[in-house]
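Have a look at the fold, and then let us go through it strand by strand.

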Amino acid sequence: MEKSNHPLVIKFKNNLDSNGSLVSLEELKNIPFELKRLFYIFNTSNDARRGKHANRNSEFLFICLQGSCKVNYFYDSTIHEVILDNPTTGLYLPKMIWKEMYEFSKDSILLVLTNTLYDKDEYIRDFDLYLKEYQEIYEKNKF
Ligand code: TYD
């Protein structure tokens, strides 16, 4: 799978047999980046709203392994909403996308894969600053 500069919903192959299901993720094969880190979000209350930031360098793949949650993201001047409720579906977001995760079901486990090691300084947590930086990059045609 090639690298992407736009969001993607990716459907993974479910290796299903009489013993159950297995999904395999391989960098640049069925996920569009090199994998450096993963983290998972659980024990979330239904009214939790996570994210609310953009990342200057990190690309993300969100997979709800159990239960469900919603992700919205700002792309093409519009807020898009995706419901994640199946461990065979992933939402890929490139770098510099403002995102929010919410409406977690009680049992939800949200797995997040990314191409970077954690660096708090690559986070933009102010929406106006994000728009300004995005515009600057867009105008310079760096994407
Ligand atoms: P945060 O980015 O605020 O979570 P979310 O985007 O889901 O709202 O991270 C929560 C805390 O976890 C914060 O103290 C930073 C820490 N953290 C790490 O130590 N490593 C990581 O890889 C991530 C994503 C967060």
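## Strands, loops and a ligand shell

In this predicted model, strand E6 (residues 60-66) pairs with E9 through 3 bridges, in the antiparallel sense. Within that pairing, phenylalanine 62 has leucine 91 of E9 as its bridge partner. E9 itself spans residues 89-93 and is mostly covered, with 4 of its 5 residues buried. Strand E1 (residues 8-11) also runs antiparallel to E9, joined by 4 bridges.

E6 has another pairing to look at, with E11: the two are antiparallel and share 6 bridges. In this pairing, glutamine 66 stands opposite isoleucine 109 of E11, and cysteine 64 stands opposite leucine 110 of E11. E11 covers residues 109-114 and is joined to E4 by 5 bridges, again antiparallel. Tyrosine 40 stands opposite leucine 111 in E11.

Put together, these pairings give an open sheet of 5 strands in the order E1-E9-E6-E11-E4, with antiparallel pairing. E1 and E4 stand at the edges and have a single partner strand each, so one side of each is left without a neighbour in the sheet. From one strand to the next, the twist averages 25°. As background when you look at side chains, those in a regular strand alternate between the two faces of the sheet.

| Strand pair | Bridges | Sense |
|---|---|---|
| E1 and E9 | 4 bridges | antiparallel |
| E6 and E9 | 3 bridges | antiparallel |
| E6 and E11 | 6 bridges | antiparallel |
| E4 and E11 | 5 bridges | antiparallel |

Now to the ligand. Which residues are around the ligand? They are Arg37, Phe39, Ile41, Arg50, Gly51 and Tyr118. Strand E4 (37-41) and strand E5 (49-55) are the elements that give two or more residues to this shell. The largest share, 3 residues, comes from E4. By class, the shell holds 3 nonpolar, 1 polar and 2 charged residues.

The loops have some points worth a look too. Leucine 28 is found in the loop between strand E3 (20-22) and E4. Its phi is near 60°, a positive value in a residue other than glycine. Is leucine 28 buried or exposed? Leucine 28 has 12 other C-beta atoms within 10 Å, so it counts as exposed.

Aspartate 76 lies in the loop between strand E7 (69-75) and strand E8 (78-84). Phi of aspartate 76 is near 60°, a positive value in a residue other than glycine. Aspartate 76 is exposed because 8 other C-beta atoms lie within 10 Å.

One more loop residue is asparagine 57, placed between E5 and E6. Asparagine 57 counts as partly exposed because it has 14 C-beta neighbours inside 10 Å. Leaving aside neighbours within four places in sequence, asparagine 57 is in contact with Lys95, Thr116 and Glu122.

Definitions and conventions. Residues numbered from 1 in each chain as written. Predicted model: local features only at pLDDT ≥ 70, side-chain atom pairs only at ≥ 80, totals over all residues. Buried ≥ 20, exposed ≤ 12 C-beta atoms within 10 Å, placed from the backbone. Pairing = 2+ DSSP bridges. Near = placed C-beta within 6 Å. Nonpolar A, V, L, I, M, F, W, Y, C, P; charged D, E, K, R; others polar. Contact = placed C-beta atoms within 7 Å. Axes fitted to C-alpha atoms, helices over the stretch in contact; angles between N-to-C directions.
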